[in-house]
Amino acid sequence: MNELELKFRLDPATALRWQQLFKAQGAKRLRLRARYFDTADTRLAAASVALRLRLEGRRWVQTLKAAGDSAVHRLEHEVAVPSRGGEPPALDITRHEGSPALDRLRQALGDLPATALEPRYETDVQRSTVMLRGFDGSGVEAALDIGKVVAGEHEAPIVELELEHVAGPAQAVFQRAQEALGLGGMWLSSISKAEQGERLRQGGPGAAVKAAPLQLPRHATGATLLRSVLHSALAQILPNTSVVAEGRADSEHIHQARVGLRRLRTALRELSDFSPHIDPAWEPALAATFSALGESRDSQAVADAVQPLLEAAGAPKTRWTPTVVADPVEAVRDPEFQRALVGVLALAHAGDEAYTPLTEGEVLSHIGGHLKRLHRQVLKDGQRFMRLPIERQHRVRKRAKRLRYLSEFAWPLWPARRVERYLDELKPVQDALGHHADCAVAAAKFTQDALADPAAQFAAGYLTAHLAVTGRAAHQQLRRLAKAEPYWKQPPLRRSAP
């Protein structure tokens, strides 16, 4: 069984409103008490596999879940399990024979026997459910879960709304989600109850999620390419913004969320001709959250980057006085940002009718044209980089990033070695531009700080002067980029017939 489900976390006031709404709709109520299993070294969690025994009212159900082909899609197999005298039944993974999820479980176990699986954490929730029917024959089950997760001596609340596609057009689940967001106080979360339990047991939010290599089949059409790119970006964004929204993120979660958002914004901008359903309203919402997260990054990563320079120079003050910056938690919980994410998810799960019918040749021509334009613009500004104002220099950096991400999207379409060589030439350019931008941000921060604190004047003056050094370094790397071989001018991958 495949499960397409959107999960939202709720703030207390919103949870109360949903409880009232469910009660008014005559929702069914059921207590769910589950025990989750994993190995001592958490092999299942590492493989995004969850195995549980759950008491649903008076019946026991054993459920196995594994990651699907998108951030909101999972493989699921469940089976009712008889018990004697109300005692919990024994765990038996062979109950899932024939399920693709069982293959994932066995791969995760590796050389360990099934007896290595042990209870890790438990959940106890009161679930209220309502079936939402549409005139198009669609069915979406809305489930409100209020309860807790317990791991050893630690526990944490569970307050979630789940919208699961049951019947009819899959787009109905995204339409219902957009309607639900109208109440406010809710945000997408890709963190399952199993992940909540393991993170509670481990005492931390888990590692930040980085971008995975794009997987494309041969003979990729426009729909195939854009859909794959959207799935890839969302698979990086959602796990990181889910942690940020909880207020438990470190600087790496924020950084990877921003990387994912920049990749997504690049795709929506450079591949806009691939679908008429790309909503222009998404960009302002995505950009606002991206910018707010950037303010948080500036106060941490940028300060860390320039501090050694100032210490070496003997500056009396090596970190600027923190000012009020945008709250990253509020930034990712923002309703317009959440609407944009649901909209992108809907497009990523839409059929080919939502995409422009572009052939493989047209895809190559389109992307090649965009790569050529970005490459030319970066080189043109690179020739006069030292004469550009800071704002224009920052634009060069943004174009270089779009050039990198678009190249990564196109990687499967051209011979990998050619693309890799080009990206190898582009990396030092990005590094130099990034360091230059960090110094420019820090110089501006210290200059503002110096208005009230004389101790900041040295750092402001030093970093402002140092911009000539970092600017020349970026200029040199940009000039070297002119020697890089534009791989898009070469023949694409030779593809055999399907």
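Mentor: A strand here is a DSSP run of E of at least two residues, and strands are numbered from the N terminus. Arg9 is found in strand 1, which covers residues 2-10. Keep in mind that the model is predicted.

Trainee: Why is Arg9 called buried?
Mentor: Buried means under 20% relative accessible area. Arg9 has 10% relative accessibility, so Arg9 counts as buried.

Trainee: Which residues is Arg9 in contact with, leaving aside neighbours within four places in sequence?
Mentor: The list includes Val159, Glu160, Trp187, Gln196 and Glu246. Arg9 and Glu246 are 237 residues apart along the chain, and their C-alpha atoms are separated by 9.1 Å.

Trainee: What makes helix 5 mostly covered?
Mentor: Helix 5 spans residues 193-202, and seven of its ten residues are buried. They are Lys193, Ala194, Gln196, Gly197, Glu198, Arg199 and Leu200. Gln196 is also one of the contacts of Arg9. After helix 5 comes Gly203, with a positive phi near 80°.

Trainee: Is Thr123 buried or exposed, and how do you know?
Mentor: The relative accessible area of Thr123 is 6%, and the cut-off for buried is under 20%, so Thr123 is buried. Thr123 lies in strand 6, residues 118-133. Beyond its neighbours within four places in sequence, its contacts include Leu32, Tyr36, Val149, Ile158 and Lys193. Lys193 is one of the buried residues of helix 5.

Trainee: Why does His366 count as buried?
Mentor: Its relative accessible area is 15%, which falls under the 20% limit, and therefore His366 is buried. His366 lies in helix 11. With neighbours within four places in sequence left aside, His366 is in contact with Glu270, Leu271, Asp273 and Phe274.

Trainee: Why is Lys380 called exposed?
Mentor: Exposed means over 50%. Lys380 has 53% relative accessibility, so Lys380 counts as exposed. Lys380 is found in helix 11, residues 360-383.

Trainee: What makes the surface patch with Lys380 positive?
Mentor: The patch is formed by Lys372, Arg376, Lys380 and Lys489. Lys and Arg count as positive, so the patch is called positive.

Trainee: Where is Leu388, and why is Leu388 called buried?
Mentor: Leu388 is in the loop between helix 11 and helix 12, the latter being 390-410. At 10% relative accessibility Leu388 is under the 20% cut-off, so Leu388 counts as buried. Not counting residues up to four places away in sequence, Leu388 touches Asp381, Gln393 and Val396. Leu388 and Arg104 are 284 residues apart in sequence, and 54 Å apart in space from C-alpha to C-alpha.

Trainee: Why does Thr42 count as buried, and why is Ser48 called partly exposed?
Mentor: Thr42 has 17% relative accessibility, which is under 20%, so Thr42 is buried. Ser48 has 42%, between the 20% and 50% cut-offs, so Ser48 is partly exposed. Thr42 lies in the loop between strand 2 and helix 2, while Ser48 lies in the loop between helix 2 and strand 3.

Key:
Residues are numbered from 1 along each chain as its sequence is written. This is a predicted model: local features need pLDDT of at least 70, side-chain atom pairs count only at pLDDT 80 or more; totals for chains, interfaces and linings use all residues. Side-chain values use heavy atoms; hydrogens and water are left out. Helices (H or I, at least four residues) and strands (E, at least two) are DSSP runs, numbered from the N terminus. Buried means under 20% relative accessible area, exposed over 50%, partly exposed in between (1.4 Å probe, protein chains only). Contact means heavy atoms within 4.5 Å. Patches are made of residues with over 30% relative accessible area and no salt bridge: like charges are joined within 9 Å, nonpolar side chains (Val, Leu, Ile, Met, Phe, Trp, Tyr) within 5 Å. Accessible areas come from the Shrake-Rupley method with a 1.4 Å probe; for residues, only the protein chains shown count as cover. A salt bridge is a side-chain nitrogen of Lys or Arg within 4 Å of a carboxyl oxygen of Asp or Glu. The place of a charge is taken as NZ of Lys, CZ of Arg, CG of Asp or CD of Glu.
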